[in-house]
Amino acid sequence: MTGIVILVVAGGSGYGPDALAGLFGAGGAIYLMNKFMRMGIDGDADRDVEEAGRMFLDRYGFWPDEVPAGWQPPDGQPDAQAAFRALLEQRRASDIAA
């Protein structure tokens, strides 16, 4: 918005177009930095889900999405989804990187 005001006040022949381009460039750079930061943070959640799936495989012998019908975890969890959620929370609480 400021770049447009400067363009109107300074006119098209002075420093107005340069100010407009500079301010739009700075705004675009800030937007992209924010977008890339959020993409990086979202990737951590995917890593946690993958690591929890590997922990489930190590503990029970199959992937969480390949559980046989009616299977009950031997460690007292009510079902496979609850067991996976518990492992996922354990993974998220861990300070060790995947």
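Modeller: Rings of Phe, Tyr and Trp pair if their centres lie within 6.5 Å. This is a predicted model, and Phe56, Tyr60, Phe62, Trp71 and Phe84 form one aromatic cluster in it. By that rule the count comes to 6 aromatic pairs.

Biologist: Why is the pair of Tyr60 and Trp71 called edge-to-face?

Modeller: Planes over 60 degrees apart count as edge-to-face. The planes of Tyr60 and Trp71 stand at 75 degrees, with the ring centres 5.1 Å apart, so edge-to-face is the label. Tyr60 sits in helix 2 (residues 16-60), while Trp71 is in the loop between helix 2 and helix 3 (80-93), 11 residues apart.

Biologist: What makes Phe62 and Trp71 an edge-to-face pair?

Modeller: Their planes are 80 degrees apart and their centres 5.1 Å apart, and the cut-off for edge-to-face is over 60 degrees.

Biologist: How do you know whether Tyr60 is buried or exposed?

Modeller: Buried means under 20% relative accessible area. Tyr60 has 12%, so Tyr60 is buried. Phe62, at 18%, is buried by that cut-off too.

Biologist: Why are helix 2 and helix 3 called oblique to each other?

Modeller: Their axes come within 9 Å and cross at roughly 120 degrees. Roughly perpendicular covers 65 to 115 degrees and roughly antiparallel is over 145, so the two helices are oblique. Helix 2 passes helix 3 in a right-handed crossing.

Biologist: Which residues meet there?

Modeller: Phe56 and Tyr60 are among those in helix 2, and Phe84 and Leu87 among those in helix 3. The contact residues divide into 10 nonpolar, 2 polar and 5 charged.

Terms used
Residues are numbered from 1 along each chain as its sequence is written. This is a predicted model: local features need pLDDT of at least 70, side-chain atom pairs count only at pLDDT 80 or more; totals for chains, interfaces and linings use all residues. Side-chain values use heavy atoms; hydrogens and water are left out. Rings of Phe, Tyr and Trp (its six-membered ring) pair if their centres lie within 6.5 Å; planes under 30 degrees apart count as stacked, over 60 as edge-to-face and the rest as tilted. Helices (H or I, at least four residues) and strands (E, at least two) are DSSP runs, numbered from the N terminus. Buried means under 20% relative accessible area, exposed over 50%, partly exposed in between (1.4 Å probe, protein chains only). Axes are lines fitted to C-alpha atoms, for helices over the stretch in contact, and angles run from 0 to 180 degrees between N-to-C directions. Angles under 35 degrees count as roughly parallel, over 145 as roughly antiparallel, 65 to 115 as roughly perpendicular and the rest as oblique. A crossing is left-handed if the near helix is turned anticlockwise from the far one by less than a right angle, and right-handed if clockwise. Contact means heavy atoms within 4.5 Å. Ala, Val, Leu, Ile, Met, Phe, Trp, Tyr, Cys and Pro count as nonpolar, Asp, Glu, Lys and Arg as charged, and the others, Gly among them, as polar.
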